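Me: I have a new structure open and a few quick questions. Can you walk me through it?

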Amino acid sequence: MGGVALWPAQASAEAPRVDAIFSLLLVVSAVIILLVAGLLLGFAIRYRRGSKAPRGRLPAILSRDIEIGWTSATAFLALFLFWWAGAAQLAAVQPPPQALEIRVIGRQWMWEVRHPSGARELDELHVPLGEPVRLVMSAEDVIHSFFVPAFRLKQDVVPGRLTEAWFTATQPGEYHLFCAEFCGTEHSAMRGRVVVLPPEDYARWSHAQPEGDNLAQQGAKAFVALGCAGCHVAGGPVHAPGLAGLYGRQVALADGRRVMADEAYLRDSILLPRQDVVAGYDPVMPSFAGVASEAELQRVVAYLMSLREAATP
Ligand code: CUA
């Protein structure tokens with residue numbers, strides 16, 4: 001499309017919903033501005049100095065009932081807008097459980113993407129058409145923001161924590177990917193493209209990538225290379241909790257709390273091992289902050305998550 005596009009393409013299931021809310025807000029705001037500005041101008045002329053317009057009591061039509069009426073009507077309109085936008089936003093943060101999980105790292109100044117198949121790409125994101133995709137993101141240095149206007153998707157990517165976003169692409173094609181948070185000199189160059197492929201083509205693409213192993217298999221190697229395997233084995237020299245079947249389970253901690261072993265828990269336990277010590281174990285594990293890179297963390301966590309499937313009969 002040449003020239004200036006009024007709207008970006010609507011390429012995700014979320015896009016029409018966001019546009020509908022935005023359009024209604026725009027119309028309501030325009031009506032209010034015109035009404036207020038029109039009355040302001042009208043009254044300024046009608047009651048200008050020296051005019052003979054009546055300045056006595058208010059006409060009877062502007063009674064208390066009308067006052068109450070328009071106050072409650074506009075209050076309900078505002079509440080409706082709040083409910084509508086809130087409901088859409090809540091849906092936007094709850095990915096369906098079967099969503100394809102893709103990992104994203106933001107760093108100065110590129111996007112690095114890892115697929116479950118092990119495929120890795122820079123400044124590009126290939127996704128299957130019509131399937132929910134969940135992005136699990138972290139940053140290596142400063143705050144970035146993952147922004148795909150055609151999907152109406154924007155999520156900050158923050159060092160030291162995982163943030164998530166999800167979408168279902170509804171139109172094949174290529175779309176802009178931007179960083180939407182000022183992150184240094186080349187912030188404006190931190191962009192790429194999202195390629196939406198039919199599911200068969202995505203499957204072919206993601207298995208045609210040079211990496212031989214899938215993400216969990218790469219994680220299994222990193223698990224050994226980083227030395228995790230030395231302690232976390234049955235009958236190992238150190239009394240360390242077993243990790244098979246851990247992901248997705250409730251864990252009892254030494255201080256009596258119970259936490260869900262989700263992705264963030266696994267990641268935190270590697271970086272801050274003294275924070276959530278498992279009941280019955282000593283806090284002897286060293287932190288891997290600064291030792292394992294973001295990419296290694298993603299791989300190891302993917303490996304630990306894959307142990308759930310292996311452990312369930
Ligand atoms: Cu990364 Cu701006």
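Me: Start with E101 and R103. Are they buried or exposed?
Reply: Both E101 and R103 are buried. Buried means under 20% relative accessible area, exposed means over 50%, and partly exposed is in between, with a 1.4 Å probe and protein chains only.

Me: Where do these values come from?
Reply: This is a predicted model: local features need pLDDT of at least 70, side-chain atom pairs count only at pLDDT 80 or more, and totals for chains, interfaces and linings use all residues. Residues are numbered from 1 along each chain as its sequence is written, and side-chain values use heavy atoms, with hydrogens and water left out.

Me: OK, what does E101 form with R103?
Reply: A salt bridge, with the closest N and O atoms 3.0 Å apart. The term means a side-chain nitrogen of Lys or Arg within 4 Å of a carboxyl oxygen of Asp or Glu.

Me: Why can side chains pair like that?
Reply: Side chains of opposite charge can pair when their charged atoms come close.

Me: Which side chain meets R134 in a salt bridge at 2.5 Å?
Reply: That of E101, N to O. E101 sits in strand 1 (residues 100–107) and R134 in strand 5 (residues 132–139), so this pair ties together parts 33 residues apart in sequence. Strands (E, at least two residues) and helices (H or I, at least four) are DSSP runs, numbered from the N terminus. Both E101 and R134 are buried.

Me: And how does E263 meet R134?
Reply: Through a salt bridge between their side chains, 3.3 Å from N to O. E263 is in helix 5 (residues 263–271) and R134 in strand 5, so the pair links distant parts of the chain, 129 residues apart. Both E263 and R134 are buried.

Me: Which residues are linked in the network?
Reply: E101, R103, R134, E164 and E263 are linked by salt bridges.

Me: How many salt bridges does the structure hold?
Reply: It holds 17.

Me: Now zoom out. How many helices and strands?
Reply: The protein has six helices and 12 strands. Its radius of gyration is 27 Å, well over the 20 Å that the globule rule gives for 313 residues, so the protein is more spread out than a compact globule. That radius is taken over C-alpha atoms, and the rule is 2.2 Å times the number of residues to the power 0.38.

Me: What box do the C-alpha atoms fill?
Reply: Roughly 100 × 55 × 40 Å, along the principal axes.

Me: Last one: what share of the residues is buried?
Reply: Of the 313 residues, 37% count as buried.
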